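Welcome! Take a moment to look over the model below, and then we can walk through its features together.

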Amino acid sequence: MAGEGRAQGLSKSCVLLIVIAGMERFAFKGVASNLVTYLTDVVKMSNSSAAKTVNSWCGFTSIVPLLVAPLADSFWDRYSTILTSSFLYVLVSQISS
């Protein structure tokens, strides 16, 4: 039969994607957990305001992919979408630091 010699399992690119997504989740959770401390100690926000801000930030970062995905799938090229989103990510990271 055709395909009998093919090894079963995940491809290298799939494993790489899972590892990178896991690392991104750890980084996101680390930033989110330390952001309340930063906002209360450095920015001098109240605990409730800092928690509300972090909660809003987590909600925003969760909803943006749902809003942008139909545009990326319907109108934008996949590589230009990745390039643009990466550029915006670096730009926002530089502005916020």
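## Overall picture

Of this protein's 97 residues, 8% count as buried, where buried means under 20% relative accessible area, exposed means over 50%, and partly exposed lies in between (1.4 Å probe, protein chains only). What you see is a predicted model, in which local features need pLDDT of at least 70 and side-chain atom pairs count only at pLDDT 80 or more, while totals for chains, interfaces and linings use all residues. Residues are numbered from 1 along each chain as its sequence is written, and side-chain values use heavy atoms, with hydrogens and water left out.

The secondary structure comes to 3 helices and 0 strands, in the order α-α-α along the sequence. Helices (H or I, at least four residues) and strands (E, at least two) are DSSP runs, numbered from the N terminus. The accessible surface is about 8400 Å², and 68% of that belongs to carbon and sulfur atoms; such areas come from the Shrake-Rupley method with a 1.4 Å probe, and for residues only the protein chains shown count as cover.

## A stacked pair of rings

How many aromatic pairs does the structure hold? There is 1. F28 and W57 form this stacked pair, with 4.9 Å from centre to centre and 15° between the planes. Rings of Phe, Tyr and Trp (its six-membered ring) pair if their centres lie within 6.5 Å; planes under 30 degrees apart count as stacked, over 60 as edge-to-face and the rest as tilted.

The pair links distant parts of the chain: F28 sits in helix α1 (residues 12-41) and W57 in helix α2, 29 residues apart. F28 is buried, at 13% relative accessible area, whereas W57 is partly exposed, at 28%.

R25 lies over the face of F28, 4.7 Å from the ring centre. A charge sits over a ring if NZ of Lys or CZ of Arg is within 6 Å of the ring centre and within 35 degrees of the ring normal.

R25 also forms a salt bridge with E24, the closest N and O atoms being 3.2 Å apart. A salt bridge is a side-chain nitrogen of Lys or Arg within 4 Å of a carboxyl oxygen of Asp or Glu, and the structure holds 1. R25 is partly exposed, with a relative accessible area of 41%, and E24 is partly exposed too, with 40%.
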